[in-house]
Amino acid sequence: MKIMPTEAAQAVHFDSEAARGVTGRVVIGRIDGANNFCMRRFDLAPGGHTPRHAHAWEHEIFFHAGEGEVYHDGQWTRVVPGDAVFVPGDQEHQIRNAGDSALTFICLVPAGAPEI
């Protein structure tokens, strides 16, 4: 069993045209013996965003703090703490911070997908 604060996981920072102001952490993954899923935490700084992309695997997202927007089907939808999003495989998506504080979310992906 593993119990830890999510912010204690090693941080990886992304700051480019594609992904601005993003900090990602693998909270539970392969090195923990998780054979089916990977749990990741992401923090997007104000003005930050993930890249717009699609991939073969599904993933589930739970928004913990801040205000954001999720791009899907050609439009943006507002998300707030407590919201959950399911992204099916091969669906184009993107997340951006729409507030003045960090947007924090947990993202689960299946084994075999890149962990970060």
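These legends accompany several close-up views of a predicted model of one protein chain.

Figure 1. Let's start with the overall picture before zooming in. The protein chain has zero helices and nine strands, and reading along the sequence gives β-β-β-β-β-β-β-β-β. Its C-alpha trace spans about 40 × 30 × 30 Å along the principal axes. The radius of gyration is 13 Å, in agreement with the value near 13 Å for a compact globule of 116 residues. Of those 116 residues, 35% are buried. Among contacts in the chain with a separation of 6 or more, 64% are between residues 24 or more positions apart. The chain exposes about 6600 Å², and carbon and sulfur atoms supply 54% of that area.

**Figure 2. The largest nonpolar core.** This view turns to the inside of the model. The core has 17 residues, and those touching the most other members are Leu44, Ile61, Phe63, Val85, Ile95 and Phe105. At least two core residues come from each of strand S3 (37-49), S4, strand S7 (84-87) and strand S9 (103-110). S9 gives the largest share, with four residues.

**Figure 3. His59 and its surroundings.** His59 lies in strand S4, which covers residues 59-65. With a relative accessibility of 4%, His59 falls under the 20% limit and therefore counts as buried. The side chains of His59 and His93 are joined by a polar contact of 3.1 Å. Beyond its neighbours within four places in sequence, His59 is in contact with Val85, Phe86, Val87, His93, Cys107, Leu108 and Val109.

Figure 4. The next views follow the salt bridges, of which the whole structure has eight. In the one shown here, Arg41 pairs with Asp43, with 3.0 Å between the closest N and O atoms. Is this pair buried or exposed? Arg41 and Asp43 are both buried. The two residues also belong to a salt-bridge network in which Glu7, Arg25, Arg41 and Asp43 are linked.

**Figure 5. Glu69 and Arg96, a bridge between two strands.** The side chains of Glu69 and Arg96 form a salt bridge with an N to O distance of 2.5 Å. Distant parts of the chain are linked by this pair: Glu69 sits in strand S5 (residues 68-72) and Arg96 in strand S8 (residues 94-97), 27 residues apart. Glu69 counts as partly exposed because its relative accessibility is 22%. Arg96 is partly exposed as well, at 30%.

Figure 6. Asp32 is partly exposed, with a relative accessibility of 35%. Lys2 is also partly exposed, with a relative accessible area of 36%.

Technical notes:
Residues numbered from 1 in each chain as written. Predicted model: local features only at pLDDT ≥ 70, side-chain atom pairs only at ≥ 80, totals over all residues. Heavy atoms only, no water. Buried < 20%, exposed > 50% of the residue type's maximum accessible area, 1.4 Å probe, protein only. Polar contact = N/O pair within 3.5 Å; in protein donor to acceptor, adjacent residues only side chain to side chain. Contact = heavy atoms within 4.5 Å. Core = buried A, V, L, I, M, F, W, Y, C linked by side-chain atoms within 4.5 Å. Rg over C-alpha atoms; globule rule 2.2 N^0.38 Å. Areas by Shrake-Rupley, 256 points an atom, 1.4 Å probe, with all protein chains shown as cover. Salt bridge = Lys/Arg side-chain N within 4 Å of Asp/Glu carboxyl O.
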